[in-house]
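Dear colleague,

Please find below the structure that I am handing over to you.

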Amino acid sequence: MKLALHTLLLLLLTVSGRAAVSDYDVVIVGGTPAGITAAIAAAREGKSCVLLERSEHIGGLPVNGLGATDIATRGATAGLFARFVALNKAYYTEHYGAGSRQVRDCSDGYHFEPKVAVGSFARMLAEAGPGKITVRTLRQFDADARNVVKRGDRIREIRILDRTTGRTERYRGRMFIDATYEGDLSAAAGVPFRLGREGADEYGEPCAGKIYRWWKHGPDGEGSTYEGDSTIQAYNYRLCLTDDPQNRLPIPKPQHYDRKEFASLVGDVFEGRNTDARFRQADSASIARNRQRIAAGERTAIPGDVWGMAKITSMTRLPNAKMDANNQHLALLSTDLPEENYPWPTADWAWRDRFAERLRDYTLGLLWFAQHDEALPEHFRKACLQWGLAADEYPDNGGFPRQVYVREGRRMEGLYFFTAHDALPEAAGKRPPLHDTSITASHYALDSHAVRKREAGRIHLDGFFSHPTAVYTVPYGVMVPRRIENLLFPVAVSGSHVGFSTLRMEPCWMALGEAAGEAAALAIDTRTDVRGIDIPELQQRLLENGAVLVYLRDLQPGDPDYQTVQRLALKGYFPGWEARLDQPLDEAGARLWSSLSGQEITADGKTTRREWLRRLNPNPEQAQ
């Protein structure tokens, strides 16, 4: 009788227009890789989770063309990201054999086909155990304060649109995680955020503000003022292209095609115009000779120039004759579409959907132009025609990716504000600043795409830069709001435009998502808010699951003293890049360790660093 009454009450609530409430320990908005790892991490701590995704497919960019993993130092980021990579490699090994071309091309699992990423994420979710994670697709969160119900500084529930039924659903949680690329939930909850570029004078960062830089690492060109503005770096689609005739779909001419948008490519091809610093060697005479070469059926000879489809896309090989085709940084015209995406971070989904269609038409139009426009050299067009969309990817979408590559949306303001200086070595050969609240190590260059389309007389597009960094640590505070007690944002993290430009890679986001899931579970377990959790306990939970908090070249998860070394490294015991555990502790090390530990440690030329560690921590196996 009680069950029947309960069911009737739910029906009455739905019919009356007031949606029933679904209760979970952790509510996650955004089925991105960070959202997936957050759900898995919270679930393994026994928490009930729901993962809400607007589209029909979870997985974000890795299942939408980003198959060449953006990480500069492999092993710098591990945990669930390492599991994802291992599953990718296992797929190719199991299906094609350890000595196969597919295994070689997968580059130890760091290069993968979109459909393989789908399977790897599905397997990871399944490994969390049956019934622990609820995944609901076609659930749209609109960044409106009315969709967030708060009591003081605590979120009680959020309201989601079921895109299939058109009805509103209510989700109540003890903790909430915003895993959207845009920071939609955080903004609706009232977390302050930043957009655009800070000027160089604000934080003294390299590459800040308005910048025209020769690819790849400078020098900067005329017009660089380094002043801040409100511009947003360009978005594109990461295409999955193939030259396999058995799997190749022809590039369709889009319905909305405007040849004028792509006409400048003709001059770029004949002149060999590109943004590589070596192009400075090209004078008017060499450009004229290049025109003659190409008119005679030869390929370009201009320094830095590339040919065929590589002229407009930067292609990285994936298994099974596929390529991850990104924007070509050497080009003045490629798959990025600057300026038109400026409204995206704060726009509603109707506007975003229109832009997504516009970007699709632009992208297909560019490729179709390169393959068919008769103003281009015939042998250039023929080279481009070797490539098409992969028929076995996104079969429901004509071989075209389903999701826009949102490189940067809102940047929420958290407890810690990450700038370029957090990723730059403090001195040559040294580490960047070491954060004792680190929740992951990471490594990628400071890297941003253009914010404006080509301008006459400029060497490159405004906003493009790449600047080297060293493996750095990411503090917990980058994803923690200052006021909201039960919200974390592992994707739209807190930082400057330049600082964010290195954090914005999927391996880092996946590690931050895992940390967010663990932090949410810990906050529930200890009945505190996300600002008051015990950071060492959070770090311990992460270490137990193979995370890297401080990168050391010669130490990997699985070493019997790994966790001890990681904890002590955060305290400064290992300022260099190697642990050298099985070498004798030298005098400099003994002085440092004595100072840090308050114990008398001597260098006798025999006792190894590992042995000294075990004296400092007599039961290392208890940490495993």
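**Cavities, pockets and a helix pair**

The lining of the largest cavity comprises nine nonpolar residues, one polar residue and three charged residues. Please note that the model is a predicted one. This cavity holds about 70 Å³ of space, and 13 residues line it. Nearest its centre lie Leu66, Thr69, Asp70, Glu506 and Pro507. Helix H3 (80-96) and helix H13 (506-526) each contribute at least two residues to the lining; H13 gives the most, with three residues.

A search of the whole structure returned five cavities of 30 Å³ or more.

The largest pocket contains about 770 Å³ of space. It is lined by 37 residues, and those closest to its centre are Arg54, Ser55, Trp349, Arg402 and Gln403. Strand E4 (139-140) and helix H10 (349-372) are the elements that supply two or more residues to this lining. H10 gives the most, with six residues. The lining of the largest pocket divides into 13 nonpolar, eleven polar and 13 charged residues.

The second largest pocket has a volume of about 470 Å³. Among the 26 residues that line it, Asp70, Lys216, His329, Tyr444 and Asp447 are closest to the centre. Asp70 is also one of the residues nearest the centre of the largest cavity. Two or more residues of the pocket lining come from strand E11 (313-318) and from strand E12 (322-327), and E12 gives the most, with three residues. Nine nonpolar, ten polar and seven charged residues make up the lining of the second largest pocket.

Finally, I describe the helix pair. The axes of helix H2 (residues 33-44) and helix H5 (residues 114-127) come within 9 Å and cross at roughly 20°. Angles under 35 degrees count as roughly parallel, and H2 and H5 are therefore roughly parallel to each other. Their crossing is left-handed. In the contact, Pro33, Ile36 and Ile40 of H2 meet Phe121, Met124 and Leu125 of H5. The contact of H2 with H5 has six nonpolar residues, with no polar and no charged residues.

With kind regards

Notes: Residues are numbered from 1 along each chain as its sequence is written. This is a predicted model: local features need pLDDT of at least 70, side-chain atom pairs count only at pLDDT 80 or more; totals for chains, interfaces and linings use all residues. Side-chain values use heavy atoms; hydrogens and water are left out. Axes are lines fitted to C-alpha atoms, for helices over the stretch in contact, and angles run from 0 to 180 degrees between N-to-C directions. Helices (H or I, at least four residues) and strands (E, at least two) are DSSP runs, numbered from the N terminus. Angles under 35 degrees count as roughly parallel, over 145 as roughly antiparallel, 65 to 115 as roughly perpendicular and the rest as oblique. A crossing is left-handed if the near helix is turned anticlockwise from the far one by less than a right angle, and right-handed if clockwise. Contact means heavy atoms within 4.5 Å. Ala, Val, Leu, Ile, Met, Phe, Trp, Tyr, Cys and Pro count as nonpolar, Asp, Glu, Lys and Arg as charged, and the others, Gly among them, as polar. On a 1 Å grid over the protein atoms alone, a cavity is a set of points where a 1.4 Å probe fits but cannot get out, and a pocket is an open set with protein on both sides within 12 Å along at least five of seven lines; lining residues have an atom within 4 Å of a point. Grid points are joined across faces, edges and corners, and a volume is the space filled by probe spheres set on the points.
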